[in-house]
Every structure is written in C-alpha cells, then in structure tokens.
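Thanks for coming. Please look at the sequence and the fold on the screen, and I will walk through a few parts.

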Amino acid sequence: MAGVKKAVTKAKPKLKAAASIRGACLCGAVEIEVDVPVFWAWHDHTVASRRVHGAAYATYVGTYRSKFRLTRGEDVVSRFEEEATGNARSFCSRCGTPLTYERKRSPKWVNLPRALFAGRTGRETKYHIGHEQLRDWAYLGAPVGPLKGYPGVMVERTRKKKVAESDSLFDPEMFGTK
Ligand SMILES: [Zn+2]
C-alpha cells in the first residue's frame, strides 16, 4: 500500500497563507483586509465617486468579495445605496471615510479606496473610468515651488517663455539661434 501512503503525504501540503494588506478609516474604528495582489487598480473620475470622496477623483483597487474582509468595526459601518444605479457604498459613520464601493452589475466584486492601504497592492494604477469627466481643477503633477512668505504652501510654476529659455540647460548662442 505504498501508493496510499504517498497519497496521504501529498494531501498534507504546508498551508500557505495568502499575502494580505490591512487598511483603516481615519478614526481607526473600522479595519479592513484584502488579499494581494488585487485584481486591478483604477482612477474613477465619475461624478458620484468624486462627490463621495470629496476629491477630484477617487482611486480604487478592485477585487473579489471573497478576498476582502471587514476585520473590525462592523457596527459603525453605514451603507448608502444610490437609487438610480443600485450601486452601494459604505463608509465609517464616525469619521466619514469611504470604505467600499459595490456595483450592482458586478455582484462578485468589491472596490476599495486605494488610500486606505499603506502597503503595496501588487497592481499599478493605470486604468481610468470616466476619464472624459476629469476636472480642469484636478492636480496633474505640474511642477511646484515654495510660496514666499507661506511656509508649507507650494505654488504651481507657470513660466513665461522668456524665463523658460533663459533657464534652459543649453545656451541658445551655442546653436546660433540668438
Ligand atoms: Zn472611522
């Protein structure tokens, strides 16, 4: 019966716990956990997500519900279902932090605000939904410098062409353009 013995040995593999990262709301009452890598990561520029987050756009990680766990604070989690779409969002009723975004047409999936997690999610955030709704007041990474007289405040640099030219690494005379 050597074959059976072998089978028994094979049936006892080392339990390998899935890697996961933890997240929390602002006040700390709610804690969540998600297995990584998540399925995908995306920026949501649509008006509903913008308003719920009070931000130019929201960045989410999406995963199977089975890979998401609410580990603390279930009693303070509130849920809001948008009538028009049937999409549901949950948030901490103490501090208002958005926690989950579930879309009615994708019942097996849950989207979680990327900002809740300090750890790596295992996915690059390179997808966009509602990109055409990107606001003209969103910050897109323009260069900034300190604002004189206001410590900690940075201001976007809008350079006039002349300034930019004189600041160039290359001397225009070198190319005979001046
Ligand atoms: Zn909270």
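Two strands count as paired if DSSP finds at least two bridges between them. Strands themselves are DSSP runs of E with at least two residues, helices are runs of H or I with at least four residues, and both are numbered from the N terminus. This is a predicted model, where local features need pLDDT of at least 70, side-chain atom pairs count only at pLDDT 80 or more, and totals for chains, interfaces and linings use all residues. Residues are numbered from 1 along each chain as its sequence is written.

First, the open sheet. Its 3 strands come in the order β1-β2-β5, with antiparallel pairing. At the edges are β1 (20-24) and β5 (68-72), each pairing on one side only. From one strand to the next, the twist averages 25 degrees, with axes as lines fitted to C-alpha atoms and angles running from 0 to 180 degrees between N-to-C directions. Between β2 (residues 31-35) and β5 there are 4 bridges, in the antiparallel sense. One partner to find there: glutamate 33 is bridged to arginine 69 in β5.

Next, β4 and β9. Strand β4 (residues 58-64) runs antiparallel to β9, and 5 bridges join them. Tyrosine 64 sits opposite tryptophan 109 of β9. How many residues of β9 are buried? In this strand, residues 109-113, the count is 4 of 5. Buried means that 20 or more other C-beta atoms, placed from the backbone, lie within 10 Å of the residue's own.

Finally, the whole chain. It has 3 helices and 12 strands. Of its 178 residues, 16% count as buried.

Conventions:
A residue is buried if 20 or more other C-beta atoms lie within 10 Å of its own, exposed if 12 or fewer, and partly exposed in between; C-beta atoms are placed from the backbone.
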